[in-house]
Amino acid sequence: MGAIRRSKTKRRTRDLDQVHADLRSSKHLSDHKTAKPAEDLPGLGQWYCIECAKWFESENSMQQHERGKNHKRRVRLLKEEPYTQKEADAAIGLRTDNGTREPSKLTIIEEQAAALDLETASHG
């Protein structure tokens, strides 16, 4: 049998929607930054790349990272707005549009019958 594939959670970074929330709200970002004590972070938590959600040992390593391909790709992906739940529901056909709709044939027949009853009652 083949080898079992497992996701690598040790190097997993924050997802794009989480980073979008960090960029929009300084509170969200500060909550993430204060989740671990500064002593446990690389470089005592001084250098942090918001777009990639990574800590760096020195300013030089962070500057090298910002010139790199992975950082530039991540910045390009973050320029696009994330999909909302409403857009996702619309993509699979779940819509909440309660606009005008065509009346069914049964409704039309019932309305015609009611109109005929009114005419006969007024003439009789």
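**Cysteines.** I started with the rule: a disulfide is a pair of cysteine sulfur atoms within 2.5 Å. How many disulfides does the count come to by this rule? I got 0. The sulfur of Cys 52 has its closest cysteine sulfur in Cys 49, at 3.8 Å, which is too far for a bond. I then noted burial, where buried means under 20% relative accessible area, exposed over 50%, and partly exposed in between (1.4 Å probe, protein chains only). Cys 49 is buried at 1% relative accessible area, and Cys 52 is buried at 5%.

**Ground rules.** I am working on a predicted model, so I kept its limits in view: local features need pLDDT of at least 70 and side-chain atom pairs count only at pLDDT 80 or more, while totals for chains, interfaces and linings use all residues. Residues are numbered from 1 along each chain as its sequence is written, and side-chain values use heavy atoms, with hydrogens and water left out.

**Overall layout.** I listed the secondary structure next, taking helices (H or I, at least four residues) and strands (E, at least two) as DSSP runs numbered from the N terminus. The chain has 6 helices and 2 strands, in the order α-α-β-β-α-α-α-α along the sequence. Of its 124 residues, 15% count as buried. I also looked at surface: the chain exposes about 11,000 Å², and carbon and sulfur atoms supply 51% of that. Those areas come from the Shrake-Rupley method with a 1.4 Å probe; for residues, only the protein chains shown count as cover.

For contacts I used heavy atoms within 4.5 Å. Among contacts between residues at least 6 apart in sequence, 33% join residues at least 24 apart.

**Helix α4.** Which residues of α4 are buried? In this helix, residues 69-78, I found His 71, Arg 74 and Leu 78. They span an arc of only 65° around the axis, so they sit on the same side of α4. That arc is taken over the directions from the helix axis to the C-beta atoms. The face turned away from the buried side carries exposed Lys 69 and Lys 72. I checked what covers the buried residues, and the cover includes α1 (16-24), β1 (47-49) and α3 (59-66).

**His 71.** I zoomed in on this member of α4. His 71 is buried, with a relative accessible area of 9%. Setting aside neighbours within four places in sequence, I found His 71 in contact with Cys 49, Glu 51, Cys 52, His 65 and Glu 66. I took one of these for a distance check: His 71 and Glu 51 are 20 residues apart along the chain, and their C-alpha atoms are separated by 7.5 Å. Both cysteines from my opening entry turn up in that contact list.

**Helix α1.** Here I found Val 19, His 20, Ala 21 and Asp 22 buried. What covers them includes α2 and α4. Gln 18 also lies in α1, but I logged Gln 18 as partly exposed, at 33% relative accessible area.

Lys 27 is exposed at 55% relative accessible area, and Asp 31 counts as partly exposed at 42%.

**Aromatics.** I paired rings of Phe, Tyr and Trp (its six-membered ring) if their centres lie within 6.5 Å; planes under 30 degrees apart count as stacked, over 60 as edge-to-face and the rest as tilted. The count comes to 1 aromatic pair. The rings of Tyr 48 and Trp 55 have centres 4.4 Å apart and planes at 45°, so I filed the pair as tilted. Tyr 48 is buried, with a relative accessible area of 8%.
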